[in-house]
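Me: Hi! Could you walk me through this structure?

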Amino acid sequence: MSKLSLVAYTFGVLLFIVSCSLSVFYGYKVVTHHLPVEKKVPDTYKYHFVLVPEELDNEYWRLVESGAKDAAKKYGVLLEYSGPKQANIDDHLKTIEMSAASKVDGILTQGLSDEQFTPLINHVIAGGIPVITVDTDAANSLRLAYIGTDNYYSGYLAGKALITDTNGKANVAIITGTFYANHQQQRVKGFQDAVKEAPGIHIIDIQQSEISTVKAAEKANQLLKDHPEINAFYGTSALDGIGIAQVIEKYKKQRDVYVIGFDTLPETLDYIRRGTIKATVVQQPYEMGYRAVKMMIDIIEGKTVSQVVHTETRIMRIGDLPVSVMHNKEDNN
Ligand code: BGC
């Protein structure tokens with residue numbers, strides 16, 4: 001071999017080795033990027049479950065996560081908490097698909113809409129992976145169980161509370177999390193049915209907040225401008241009441257507006273204590289997470305579980321605030 005062809009040959013071999021390494025490296029990156037985290041379950045865990053909420057960094061869902069993690073710790077389960085950082089239905093569906101593709105032992109998620117979630121849940125179940133709906137049910141799907149609030153009933157309770165607190169006379173604006181979600185629709189429907197019985201209650205308008213405090217505030221502000229007759233608000237998801245209350249505090253001197261919200265996040269309790277939010281619908285997010293994990297284990301181990309488990313829901317007003325909450329807040333003032 002001539003000197004020149006030896007150099008060309010060596011260069012060719014080197015080029016081949018480098019390009020092979022690069023394609024292996026980048027190929028690996030492309031593939032692993034799409035795989036859910038922590039695919040390999042260490043031997044110390046019995047099962048690997050994924051909890052997929054509609055929004056990861058939502059205080060309400062952090063409570064569900066905390067219940068699920070506590071149960072997971074107790075029963076030897078590896079629990080991943082994975083999903084969209086901010087509410088996004090496509091990312092939510094994709095996370096469920098990816099979890100199924102990575103063959104987890106069980107998926108806990110919301111059944112947000114029949115149109116998009118039912119076919120996917122059925123597909124995952126057909127592939128042999130159990131699915132439990134938490135917080136929001138896709139009742140027409142093949143999900144193995146639902147645990148969460150009876151959302152229609154909780155909306156009905158809110159309607160009854162508003163009638164009592166306003167002496168049956170109010171012009172109400174509703175701010176709901178999203179128009180497409182099953183549980184939000186049920187909370188609105190329950191409310192509408194309850195207030196049908198009170199001729200002095202009128203629903204003026206309904207807007208969606210995309211489960212964001214900022215958007216709930218924007219919508220509340222606009223509603224007050226567009227409809228000066230509005231003197232009551234009903235917020236149907238955890239951050240709606242907070243967004244509404246921020247706006248109401250600005251208008252407080254000019255207008256006396258009644259607010260009923262959902263959930264018992266610390267900020268909501270603050271607004272109740274200050275009298276801006278008059279009532280809220282209590283849910284049990286920690287318990288939902290905890291019991292969902294236990295139910296999934298029972299299902300996998302062939303035990304009988306109820307198909308529908310409704311966690312407690314009720315109305316909370318200032319007089320129902322735990323004494324410690326009242327004291328802590330007063331101490332801070
Ligand atoms: C609902 C959750 C929702 C959250 C949004 C809660 O009231 O139960 O499904 O994601 O509000 O902040």
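Me: Which residues lie nearest the centre of the largest pocket?
Reply: E55, Q86, A87, E210 and S212 lie nearest the centre, among 16 residues that line the largest pocket. On a 1 Å grid over the protein atoms alone, a pocket is an open set of points with protein on both sides within 12 Å along at least five of seven lines, a cavity is a set of points where a 1.4 Å probe fits but cannot get out, and lining residues have an atom within 4 Å of a point.

Me: Before we go on, what sort of model is this?
Reply: It is a predicted model, where local features need pLDDT of at least 70, side-chain atom pairs count only at pLDDT 80 or more, and totals for chains, interfaces and linings use all residues. Residues are numbered from 1 along each chain as its sequence is written, and side-chain values use heavy atoms, with hydrogens and water left out.

Me: Thanks! How much space lies in the largest pocket?
Reply: About 270 Å³. A volume here is the space filled by probe spheres set on the grid points, which are joined across faces, edges and corners.

Me: And what kinds of residues form the lining of the largest pocket?
Reply: Five are nonpolar, six polar and five charged. Ala, Val, Leu, Ile, Met, Phe, Trp, Tyr, Cys and Pro count as nonpolar, Asp, Glu, Lys and Arg as charged, and the others, Gly among them, as polar.

Me: How many cavities of 30 Å³ or more are there?
Reply: The structure holds two of them. The largest cavity has about 120 Å³ of space. Its lining has 14 residues, with E54, Y60, W61, S237 and A238 nearest the centre.

Me: Which helix gives the most to the lining of the largest cavity?
Reply: Helix 6 does, with three residues. Helix 2 (59-75) and helix 6 each supply at least two. Helices (H or I, at least four residues) are DSSP runs, numbered from the N terminus.

Me: Let's stay with helix 6. At what angle do the axes of helix 5 and helix 6 cross?
Reply: Roughly 40 degrees, and the axes of helix 5 (residues 151-165) and helix 6 (residues 182-196) come within 6 Å. That makes helix 5 oblique to helix 6. Axes are lines fitted to C-alpha atoms, for helices over the stretch in contact, and angles run from 0 to 180 degrees between N-to-C directions. Angles under 35 degrees count as roughly parallel, over 145 as roughly antiparallel, 65 to 115 as roughly perpendicular and the rest as oblique.

Me: Which residues meet there, in helix 5 and helix 6?
Reply: Among them are Y152, Y156 and L162 in helix 5, and H183, F191 and V195 in helix 6. Contact means heavy atoms within 4.5 Å. The contact of helix 5 with helix 6 has eight nonpolar, seven polar and four charged residues.

Me: New topic: how do helix 3 and helix 4 pack?
Reply: Helix 3 (residues 89-101) and helix 4 (residues 114-126) pack at about 5 degrees, with their axes 10 Å apart. That makes helix 3 roughly parallel to helix 4. The residues of this contact are seven nonpolar, two polar and one charged.
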